[in-house]
Amino acid sequence: MSAVEEIQAAKGRSMGSHQSAAMITDRWLTPRHVLDAMGEFDLDPCGAPGWSTAKTVYTPETHGDGLTLQWHGRVWLNPPYGKQATIWMRRLADHGNGTALIFARTETRMFFETVWNRASAVLFLEGRLTFVRPDGTPAKANGGAPSVLIAYGESDALKLKHCSIPGQFIPLGMVA
Ligand SMILES: C[S@@+](CC[C@H](N)C(=O)[O-])C[C@H]1O[C@@H](n2cnc3c(N)ncnc32)[C@H](O)[C@@H]1O
């Protein structure tokens, strides 16, 4: 089962804890080589326990809802999947400083609103990412869809341009 299929299946399940199913089933973690190539981030507002992505990592377990908390500095965002991703992407676009990793659904309303109309640059990744399971092991299959890194702010656009991750870099808006 690919990441996309598993996430879709997880959406249909319910859970009996105080955290919503969506908060803890979307645990497809960013591969280490992507994070390492992007440099240090100040905050991951939707992280996972034990997976170091930024100096400060909000997780549902440790901080509750990262959407309602204050965001600071350079933000790393691999948001919960599905419709809820839109609100996280809007928040990062408003914040204006950081990089997101999402599936390259370039035709969607969300992509037009939060990426094409608001981002500084994109890097379409060559090949498909294999995400990481909560226990730190790679998933058995790749994500099942193409991924894209999206920079907000000129500094992150330049980091994306010069990172070592294979793909097609495209500046948007003012960044040349
Ligand atoms: C796709 S995973 C990405 C994890 C991590 N940011 C990374 O890049 O590897 C999405 C994460 O968002 C977390 N999450 C979902 N809803 C959340 C919320 N409201 N507040 C904080 N974290 C949330 C999930 O627990 C999950 O770990």
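Leaving aside neighbours within four places in sequence, which residues is D44 in contact with? Select D44 in this predicted model and display its surroundings: beyond those sequence neighbours, D44 is in contact with T53, A54, T56, V57, Y58 and W76. The residue itself belongs to strand β1, which spans residues 43-44.

Keep D44 selected and turn to its charge. D44 is buried yet has no salt bridge, and the nearest side chain of opposite charge, that of R32, is 9.1 Å away. What the side chain of D44 does reach is backbone: a polar atom of this side chain lies 2.9 Å from the backbone nitrogen of C46, and the backbone nitrogen of G47 is reached at 3.5 Å.

Next, select W76, which touches D44 and also, among others, T30, V34, L35, M38, F41, P45, T99, L101 and L149, when residues up to four places away in sequence are not counted. W76 is a member of the largest nonpolar core, a set of 29 residues in which M38, W76, L123, L149 and I165 touch the most other members. To see where this core comes from, colour α3 (32-38), β4 (98-103), β5 (121-125), β6 (147-152) and α7 (154-162), each of which supplies at least two of its residues. Apart from this core lies another, of 24 residues, including W71, F111, F124 and Y152.

Finish with the cysteines C46 and C163. C46 counts as buried because its relative accessibility is 15%, under the 20% cut-off, and C163 likewise counts as buried, at 14% relative accessibility. A search of the whole structure finds 0 disulfides.

Technical notes:
Residues numbered from 1 in each chain as written. Predicted model: local features only at pLDDT ≥ 70, side-chain atom pairs only at ≥ 80, totals over all residues. Heavy atoms only, no water. Core = buried A, V, L, I, M, F, W, Y, C linked by side-chain atoms within 4.5 Å. Buried < 20%, exposed > 50% of the residue type's maximum accessible area, 1.4 Å probe, protein only. Helix = DSSP H or I, 4+ residues; strand = E, 2+ residues; numbered from the N terminus. Contact = heavy atoms within 4.5 Å. Lys, Arg positive; Asp, Glu negative; His and termini not counted. Salt bridge = Lys/Arg side-chain N within 4 Å of Asp/Glu carboxyl O. Polar contact = N/O pair within 3.5 Å; in protein donor to acceptor, adjacent residues only side chain to side chain. Disulfide = S-S within 2.5 Å.
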